Amino acid sequence: MTSRIVTGPESAKPVTFAAAGSLVLLAVTACSSTPGTPVPATPESSSAPTSTTRSVPKVSNPLDATKYEQNPCALLSQDQATQLISAVRHRQGQGIVAPICSWYDDRDNRVGLGLLPGQGGLAGAYTNADSESGYFEAAPDVNGYPAVFAGTTDDRKRGGCQIAVGIKDDETFTASVLLDKSFPGYADPCALAAKTAAAAVTTLKAGA
């Protein structure tokens, strides 16, 4: 896997890309084999969710994210990134499905965004619903779009969180955060993930 640096050096914070059913999640974790290097996990089965107790919400007003799928760094303006995390730099890296973009403050706290076209939409996130190692929690709609907090590894008590937002029935994007204890929002990383997702939806709506 290769990465393309957009600006600034690579962060020392590790990020793991993991497959979860039909949804490839940008899961933040506390450790990886090489700091700063995306490490793909072994893909799990791509079969449909078997849970009969949860219904995957439909997207009533789909958004066209085509022009951002290969340029996720355009999902946040510099002003938005500054408001969210006092970003001083960002970099684009190659994910399993499409590129992702991460923004960093001067302490290497980070927020990341990536689009997942044609991967089954939120149905993929629902495959994590019964995971023993990961997490799955319904989230409030993000600017009118259905969302869940979900990941293959639960780092929410260690400054990590990820939210998946459905923008089409077969497409989501994820907003992930990884914070250290010095960050004011360390105790509630999911709040920053939701704010990051809301900013991205604002951009997508404006670019539609």
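Visitor: Which residues of helix H2 (78-85) are buried?
Guide: The buried residues of H2 are Gln80, Ala81, Leu84 and Ile85; buried means under 20% relative accessible area, exposed over 50%, and partly exposed in between, with a 1.4 Å probe and protein chains only. Helices (H or I, at least four residues) and strands (E, at least two) are DSSP runs, numbered from the N terminus. This is a predicted model, in which local features need pLDDT of at least 70, side-chain atom pairs count only at pLDDT 80 or more, and totals for chains, interfaces and linings use all residues. Residues are numbered from 1 along each chain as its sequence is written, and side-chain values use heavy atoms, leaving out hydrogens and water.

Visitor: Why do they line one face of the helix?
Guide: Seen down the axis of H2, the buried residues fall within an arc of 95°, so they line one face. The arc is that of the directions from the helix axis to the C-beta atoms.

Visitor: And what is on the other side of H2?
Guide: Asp79 and Gln83 are exposed there.

Visitor: Which elements do the buried residues pack against?
Guide: They pack against E6, E7 and H4.

Visitor: New topic: how many bridges join E5 to E6?
Guide: Strand E5 and strand E6 (residues 99-104) run antiparallel and are joined by 6 bridges; two strands pair if DSSP finds at least two bridges between them. A hairpin of 4 residues connects E5 to E6, and glutamine 92 has cysteine 101 in E6 as its bridge partner.

Visitor: Why is E5 largely enclosed?
Guide: In E5 (residues 89-94), 5 of the 6 residues are buried, so the rest of the structure largely encloses this strand.

How values were computed
Contact = heavy atoms within 4.5 Å.
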